[in-house]
Amino acid sequence: MFRCKVIQGLRIWKSYRFSAVCVGLTRKQQSRQVFTMVDSQYYLPNDIGISALDCTEAFRLLSPKEQLYAHYLSRSAWYGGLAVLLQTSPESPSIYVLLQRLFRKQPPAQLENVATAAGLTPEEYQAFLVYAAGLYANMGNYKSFGDTKFIPNLPKEKLKALVWQSQAFHDSPSEMEALWDSCSNLLFSLEDKQKQLGLGDKGITSYFSGNCFLEDAELAQRFLDSKNLSAYNTRLFKRKSEIKTCYEVRLASAVQKDSAVDGEEETMCGQYVFEDCVFTVSRGDYAPLMKKASENLKKAMEHAANENQKRMLEEYARSFTYGSVEAHKEGSRFWIKDKGPIVESYIGFIESYRDPFGSRGEFEGFVAVVNKAMSERFAKLVSSAEVLLPDLPWPKEFEKDRFLLPDFTSLDVLTFAGSGIPAGINIPNYDDIRQSEGFKNVSLGNVLAVAYATQKDKLTFLDEDDKDAYIKWKGPSFEVQVGLHELLGHGSGKLFVQDEKGTFNFEQDNVLNPETGEKITTWYKGNETWDSKFSTISCSYEECRAECVGLYLCLNKHVLSIFGHEGEDAEELVYINWLNMVRAGLLGLEFYTPESNSWRQAHMQARFVILRVLLEAGEGLVTLKECSGKDGRPDALVSLDRSKIHTVGKAAIGRFLCKLQVIKSTGDVEGGRALYVGYSAVSDNGSHNFLRLRETVLLRKEARKMFVQANTSVKGDSVDLVEYEGSAAGLIRSFTERFPEDAEEVEANLLELAERDAPCWS
């Protein structure tokens with residue numbers, strides 16, 4: 001066995017700040033060792049966890065009408081979800097089509113023989129399958145959790161040989177060669193800018209044309225605010241003319257005409273002069289995909305259980321047809337009113353995590369079946385919300401005037417189309433609706449069941465004495481954390497607003513800032529929202545606030561009893577919940593990019609900030625130290641003094657949480673950036689060398705799991721559920737069988753849409 005000595009300060013390749021010299025290796029082996037160590041973050045490992053989402057029993061218990069409703073909602077979600085390919089990177093649509101053509105002609109088992117003949121080793125073919133599965137699971141060639149590019153872990157020449165010897169190439173050589181030529185360079189490229197998503201010179205994004213920078217995004221946001229237009233379903237394209245700088249704000253819609261059409265009262269499409277620039281609001285982005293999504297929503301309406309569901313789907317279809325966020329908001333209002341449905345769903349341009357500016361929504365759609373037993377616990381938490389909210393560490397004036405009791409259900413996911421599947425959701429994201437009309441919370445039970453299972457031998461950075469308890473209690477503690485995070489984290493807190501008429505929703509002369517003792521001097525005006533005002537930090541800041549609420553309120557014995565935890569078990573759960581958070585803060589360093597001084601994942605940045613806060617609390621609450629592992633390589637150990645959680649820990653989180661809420665309530669962007677950017681800083685100064693710790697985290701990181709989802713198909717008056725094995729091959733098959741009626745048409749649409757905008761990225 002060879003021992004690797006780590007040398008600090010060397011800069012090999014551009015993504016790491018260290019190299020490894022391996023005693024006893026040849027120069028060629030040393031080269032390979034360095035290459036693997038440096039670039040492993042850009043590959044998906046062959047042994048990556050892939051699990052099937054089990055929804056067999058939940059789907060079986062649905063009535064025929066409910067099954068048809070779920071089927072057509074799923075079809076709408078899958079068609080719309082293809083838009084994520086176009087939202088992720090210029091090359092993602094072409095790579096997707098290339099893979100679809102390969103695997104539709106020859107499933108993975110058949111293609112393996114071709115791979116062997118083409119000279120691929122079994123490991124290289126498995127690496128190709130894992131890459132393909134990763135592209136499908138992330139709906140693009142950038143990780144949905146972390147925004148890092150991933151490439152196939154095999155030589156480009158070998159993949160080309162496989163393509164050239166495939167049945168798809170034999171049947172359509174010129175077409176397959178054109179596909180390969182259109183994407184193969186970017187498929188393998190790891191130039192600095194292409195390693196991660198970002199705006200301008202910081203990375204790749206398809207939300208903005210390649211010539212856009214932060215100042216363009218800020219200008220566009222001011223324009224949108226001036227016209228009361230939401231950025232959620234838009235992309236921005238910049239074109240320079242001899243006279244003025246021109247921007248196209250393109251809305252996602254099935255309709256491609258910019259003038260008002262039948263069924264539409266008015267349109268915001270047109271040309272406007274703003275700050276000496278010309279803005280054109282147009283529509284038709286993702287048009288064929290939005291058309292198919294709308295058509296299937298209308299089919300689902302025929303099987304809706306009530307009037308609220310019908311009106312909801314009608315408004316969603318109108319939104320996707322005309323490009324109207326207002327219609328989607330109206331649909332969301334009906335969705336909130338649809339209490340306790342058996343089949344739950346939500347669809348649209350929802351989360352803005354992957355927009356570098358933090359305003360544009362990525363398409364997602366989910367369809368799920370209620371787990372009644374688990375939902376009873378969440379219902380009890382909802383009924384206790386008004387008792388628990390006063391326990392939060394900010395003055396009552398900073399809390400909503402009235403807490404609108406939401407639905408909170410545990411769901412077994414049938415379909416989740418988009419770039420990734422979360423553990424829980426709090427929606428809608430529209431501030432005006434959330435503040436005055438309400439929201440819903442969902443916990444995705446069958447996702448939690450498989451996503452957070454941990455093997456002891458892969459559990460990093462914890463003391464051996466903590467590992468058994470961690471494995472036992474991580475699942476139950478995360479269930480509590482998700483419940484509190486979604487319901488009382490995202491669901492709490494008031495925004496101070498002055499509307500267009502000049503009316504305030506708070507007593508301007510009487511409300512004092514608890515941090516300064518002075519009157520409130522900043523607030524939201526007119527059409528300003530949390531996302532538009534705090535832009536680039538809004539997502540992570542809000543996730544941090546919600547995580548802090550979870551940590552703070554999990555100390556409440558009543559909360560723990562709701563979830564069935566009493567006495568010593570309850571204390572053990574609290575300990576693991578807090579320990580999991582500080583460990584997650586350390587793991588979060590994987591998602592920081594030193595070269596651009598930027599974070600690539602909102603939740604993990606939030607958890608790192610919380611780690612910093614708890615380390616700063618001192619008194620031995622959290623200890624983080626570097627060490628050497630049993631394998632001789634750099635390691636780290638994070639520990640938590642459980643006796644100080646209720647004292648030192650609660651006080652530290654309480655103080656920080658109050659600051660977060662006051663800044664959010666008052667719209668204090670300057671103060672918010674100073675606070676949050678400060679705690680987000682990753683450096684080699686101070687009591688902890690976080691840059692060096694990042695290298696250790698990367699050295700020992702474990703890839704995030706991927707999920708295989710079922711398909712549904714209508715057979716006469718019934719719906720069949722088609723399930724697949726939890727493997728790369730199973731995930732691939734699920735996608736090649738996802739569009740049985742119109743796969744070639746859909747792929748042609750994707751290529752046409754990608755080709756249309758190709759000049760915008762060069």
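# Strands and rings

Q: Which way do β11 and β12 pair, parallel or antiparallel?
A: Strand β11 (residues 424-427) runs antiparallel to β12, over four bridges. Strands are DSSP E runs of at least two residues and helices are H or I runs of at least four, both numbered from the N terminus, and two strands pair if DSSP finds at least two bridges between them. Across that pairing, Ile 425 stands opposite Val 442 in β12.

Q: Before I go on, what kind of model is this?
A: This is a predicted model, where local features need pLDDT of at least 70 and side-chain atom pairs count only at pLDDT 80 or more, while totals for chains, interfaces and linings use all residues. Residues are numbered from 1 along each chain as its sequence is written, and side-chain values use heavy atoms, leaving out hydrogens and water.

Q: OK, back to β12. What does β10 do with it?
A: Strand β10 (residues 407-417) pairs with β12 in the parallel sense, over five bridges. Ser 410 has Ser 443 of β12 as its bridge partner.

Q: And is β12 largely enclosed or open, and why?
A: Largely enclosed by the rest of the structure, because five of the five residues of β12 (440-444) are buried. Buried means under 20% relative accessible area, with a 1.4 Å probe and protein chains only. Both faces are covered, with Lys 440, Val 442 and Leu 444 on one side and Asn 441 and Ser 443 on the other.

Q: Switching topic: what's the strand order in the four-stranded open sheet?
A: The order is β4-β5-β7-β6, with mixed pairing. β4 (234-240) and β6 (270-274) stand at the edges with a single partner strand each, so one side of each has no neighbour in the sheet.

Q: How many bridges between β4 and β5?
A: Seven, in the antiparallel sense, with β5 covering residues 245-252. Lys 240 stands opposite Thr 245 in β5.

Q: What about aromatics: how many pairs?
A: The whole structure has 39 aromatic pairs. Rings of Phe, Tyr and Trp (its six-membered ring) pair if their centres lie within 6.5 Å; planes under 30 degrees apart count as stacked, over 60 as edge-to-face and the rest as tilted. Tyr 136 and Phe 735 have ring centres 4.7 Å apart and planes at 10°, so that pair is stacked.

Q: Where do Tyr 136 and Phe 735 sit in the chain?
A: Tyr 136 is in helix α7 (residues 122-138) and Phe 735 in helix α28 (residues 728-736), 599 residues apart. Both residues are buried.

Definitions and conventions:
Buried means under 20% relative accessible area, exposed over 50%, partly exposed in between (1.4 Å probe, protein chains only).
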